[in-house]
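Let's walk through this structure together, from charged pairs to aromatic rings and then to the fold as a whole. Keep the model open beside you as you read.

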Amino acid sequence: MENILEKIKPYVSLSSVLFITSQHKDSYDIDIYCIVKAGHSSFHLFQDEDGRWIELFVDSKKGMLRKINNVDEICINFITEMNLIYGDRVYFDEIYNRAFEKKKSYKLPEERKVLIKYRIKVLASKLHSTPADNQEHFILNALTYPLIQLILDEYGIFPASPKKWIIQLKEALPLSIFNDEVNALIERDRNQVLKLVEKYTSDFEFLHLTCIKNPSTTFIQ
């Protein structure tokens, strides 16, 4: 633990920390999630003396609670899947229980689903006008991530790390559904993917964004 605390001292004042979690195991990279009493979220990527990449994610208490309420899977997994290595155990247990409840009864908030459907609709429109060539494969690849997010939501499967999504779906879904939906994405089957687009976005009607605080932002986060 002392080693990890030393790594983050240049970026975080320990006096402001509520708790810190980390996967706390030998790895080519180390994830560290740090909750501070107040301030802004920040991210720091750097190498330690052994050449390992350190990814330090910092959230304020307020920002963390907002992310849990918004069912932010990265935040929730940082809390429920990594080890507490520093901080107030009583407070951490309270936050852990709150995050775990969101995980147990997983459903994406409608606002997030609308943005995911928007992304799918835009990509699908490009696919419709693209011939069957390398560009088609690029668009099919881009559709995979948001479509799997909606499949996970549809069947109440809380997303782990993206590298585990296919395993999660294979273990949780009936074989017929896995073959019809997930395999279509794995195999980049254009017609089947477009059927999935219709299934998961048929209720999408419109999107209006009228309060973008940062005028330099030119994309949907």
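A salt bridge here is a side-chain nitrogen of Lys or Arg within 4 Å of a carboxyl oxygen of Asp or Glu. Before using that, please note that this is a predicted model, in which local features need pLDDT of at least 70, side-chain atom pairs count only at pLDDT 80 or more, and totals for chains, interfaces and linings use all residues. Residues are numbered from 1 along each chain as its sequence is written, and side-chain values use heavy atoms, with hydrogens and water left out.

Let's start with charge. Side chains of opposite charge can pair when their charged atoms come close. The structure holds 17 salt bridges, and one of them joins Glu-94 to Arg-98, with the closest N and O atoms 3.8 Å apart. Both residues belong to helix H4, where four residues, about one turn of the helix, separate Glu-94 from Arg-98. Helices (H or I, at least four residues) and strands (E, at least two) are DSSP runs, numbered from the N terminus. How accessible are these two side chains? Buried means under 20% relative accessible area, exposed over 50%, and partly exposed in between (1.4 Å probe, protein chains only). Glu-94 is partly exposed because its relative accessibility is 41%, and Arg-98 is partly exposed at 36%.

Glu-101 is partly exposed at 41% relative accessibility, whereas Lys-104, at 57%, counts as exposed.

What does the salt bridge between Asp-203 and Lys-117 tie together? The N to O distance in this pair is 2.9 Å. Lys-117 sits in helix H5 (residues 110-128) and Asp-203 in the segment after helix H9 (190-201), so the bridge links parts that are 86 residues apart in sequence. Lys-117 is buried, as its relative accessible area is 8%. Elsewhere, salt bridges with shared partners connect Lys-7, Asp-48, Glu-49, Asp-50 and Arg-52 in one network.

Now for the rings. A pair of aromatic rings is described by the distance of the centres and the angle of the planes. Rings of Phe, Tyr and Trp (its six-membered ring) pair if their centres lie within 6.5 Å; planes under 30 degrees apart count as stacked, over 60 as edge-to-face and the rest as tilted. The whole structure contains 10 aromatic pairs. Phe-92 and Tyr-96 make a tilted pair because their planes are at 50°, with the centres 6.2 Å apart. Both lie in helix H4 (residues 89-104), four residues apart. Phe-92 is buried at 4% relative accessibility, while Tyr-96 is partly exposed at 27%. Tyr-96 also pairs with Phe-100, and this pair is stacked, with 6.0 Å from centre to centre and 5° between the planes. Phe-100 is in helix H4 too, four residues from Tyr-96, and is partly exposed at 35%. Ring pairs join Phe-19, Tyr-91, Phe-92, Tyr-96 and Phe-100 into a cluster.

Next, look at helix H1 (residues 2-8). Leu-5 lies in this helix and is buried, with a relative accessible area of 8%. A contact means heavy atoms within 4.5 Å. Leaving aside residues up to four places away in sequence, Leu-5 touches Leu-14, Ile-20 and Tyr-86.

Finally, step back to the whole chain. The protein chain has nine helices and five strands, in the order α-β-β-β-β-α-α-β-α-α-α-α-α-α along the sequence. Its C-alpha trace spans about 55 × 40 × 35 Å along the principal axes. Of its 221 residues, 42% are buried. Among contacts between residues at least 6 apart in sequence, 57% join residues at least 24 apart.

How far does the predictor trust this picture? pLDDT is its confidence in each residue, from 0 to 100. The chain has a mean pLDDT of 88, and 91% of its residues reach 70 or more. Among the elements, helix H1 has the lowest mean pLDDT (82) and H4 the highest (97). Over residues 215-221 the pLDDT is below 50, and this stretch has six contacts in the model beyond near neighbours in sequence.

How values were computed
pLDDT = per-residue confidence, 0-100.
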